[in-house]
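Colleague: Could you take a close look at one part of this model for me? I'd like to hear about the charged side-chain pairs.

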Amino acid sequence: MAEARTPQKSIPKVNKVDQPFWEGAANSKFLLQKCRACAKVQFFPRVACVDCFGELDWIESKGTGNIHSFTLVRVPRNPAFKDEVPIYYINVILDEGVIVESKLVGENKDKVKLGDKVKVVFQQTHNPEIKLPCFELAK
């Protein structure tokens, strides 16, 4: 009989397009892309501007924004997350104007409501090179 494997939390697979983002996250910086031609700020990382196909630079976000929407997960698909339930998944409109999907962590997350101000925090994973950007309610 096969031996049961312990469930492990999934982490991102870094590629050359998003590598600067993950390097920034490892240093507790939330990076966005900004187009050199039209100045559009975008997230998630891409090879070119989604508006004009221009070249991109990386800029540091303030890491703050407002909750646009949220949902609770009480039964995670991956059993490795069972100790974290309920998990609050959120869409945040960053102060720079882009929408980011993430997880709400920290104290008082059960009191979350639409429009709440949040700030980015970084959680270490089992891979020392990967920190996940999450958000907590701003005080």
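Is Lys117 buried, exposed or partly exposed?

Modeller: Lys117 is partly exposed, at a relative accessible area of 35%. For the wording, buried is under 20% relative accessible area, exposed is over 50%, and partly exposed is in between, with a 1.4 Å probe and protein chains only. Bear in mind that this is a predicted model, where local features need pLDDT of at least 70, side-chain atom pairs count only at pLDDT 80 or more, and totals for chains, interfaces and linings use all residues. Residues are numbered from 1 along each chain as its sequence is written, and side-chain values use heavy atoms, leaving out hydrogens and water.

Now for the partner: Lys117 makes a salt bridge with Asp95, with 3.0 Å between the closest N and O atoms. Here a salt bridge is a side-chain nitrogen of Lys or Arg within 4 Å of a carboxyl oxygen of Asp or Glu. Lys117 sits in strand E7 (residues 117–124) and Asp95 in the loop between strand E5 (87–94) and strand E6 (99–104), so the pair ties together parts 22 residues apart in sequence. Strands (E) are DSSP runs of at least two residues, numbered from the N terminus. Asp95 is also partly exposed, at 35%.

Glu136 belongs to strand E8 (residues 131–137), 17 residues from Lys119. Lys119 is partly exposed, at 34%.

Asp116 bridges to Lys113 at 3.3 Å, N to O, and Asp116 counts as buried at 14%. The count is seven salt bridges.

Methods
Helix = DSSP H or I, 4+ residues; strand = E, 2+ residues; numbered from the N terminus.
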